[in-house]
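Hi everyone, thanks for making time. Let me put the structure up, and then we'll walk through a few of its features together.

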Amino acid sequence: PQQVMQSSAYVAAVTSDGNGLIGTVDVEINPGRGRVLINTNPFLEPDTQYSAETAAAVAENYTKKSLDDRDVIYSFAIDGQVLGGPSAGAAMAIATIAAIEGKEVRSDVAITGTIEQDGSVGFVGGIVEKMEAAAQKGVKLFLVPNGQSQLTTYERVVEEQRRGGFVFQR
């Protein structure tokens, strides 16, 4: 009899009103038929479902362990009724690798990023909101995609000049 393998990792999201949110993705790998299954509570948009397929394939490739006779089940524990976007892909891949290898993902670490077929982590939006939510959750290390670790903000600077009865703004 094959054993059940499990792991979980923090996922970061941004709500529809622009607030950061931290939850978990739980991975359970059971004897099965090579399926990738997703608990649809909360409802997951198609790009999140595609990320689950990619995460399982990347984990299989990384560990060199076939999942042809296993079912990989992803469940999300996060506030919200709809979860969308591919930014949980990296967390799903890491949790899947940990489950296959019988390891646990550190509980003080969170990651955001898409997972690509080649195993690379791609860009996502809402980094600042996700980072703030991670800090509030007590996360000590927040991993972001390569190239997204610096934030550039622009502030509007208005120069005023008064000439006669007029105010010129530039």
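**Rings, cores and a loop**

Let's begin with Arg 163, whose charged end sits over the ring of Phe 168, 5.5 Å from the ring centre. That term means NZ of Lys or CZ of Arg within 6 Å of the ring centre and within 35 degrees of the ring normal.

Before I go on, a word on the source: this is a predicted model, where local features need pLDDT of at least 70, side-chain atom pairs count only at pLDDT 80 or more, and totals for chains, interfaces and linings use all residues. Residues are numbered from 1 along each chain as its sequence is written, and side-chain values use heavy atoms, with hydrogens and water left out.

How many aromatic pairs does a search of the whole structure find? One. Rings of Phe, Tyr and Trp (its six-membered ring) pair if their centres lie within 6.5 Å; planes under 30 degrees apart are stacked, over 60 edge-to-face, and the rest tilted. Phe 166 and Phe 168 have ring centres 6.4 Å apart and planes at 45°, so this pair is tilted.

Phe 166 counts as exposed at 58% relative accessibility, while Phe 168 is partly exposed at 43%. The cut-offs, with a 1.4 Å probe and protein chains only, are buried under 20% relative accessible area, exposed over 50%, and partly exposed in between.

Now to the inside. A nonpolar core here is a set of buried Ala, Val, Leu, Ile, Met, Phe, Trp, Tyr and Cys residues joined through side-chain atoms within 4.5 Å. The largest one has 31 residues, and Val 11, Ile 29 and Phe 76 are among those with the most contacts inside it. Elements giving two or more residues to this core include β1 (5–14), β2 (20–31) and α2 (89–101); these are DSSP runs numbered from the N terminus, helices being H or I of at least four residues and strands E of at least two. Helix α2 gives the largest share, eight residues. Apart from this core lies another of eight residues, including Tyr 10 and Val 139.

Next, Ile 111, in strand β7 (residues 109–111). Is Ile 111 buried or exposed? Buried, with a relative accessible area of 11%. Beyond four places in sequence, Ile 111 touches residues including Tyr 10, Val 11 and Leu 143, contact meaning heavy atoms within 4.5 Å.

Last, Lys 64, in the loop between α1 and β5. Lys 64 is not a glycine, yet has a positive phi of about 60°, and counts as exposed at 68% relative accessibility.
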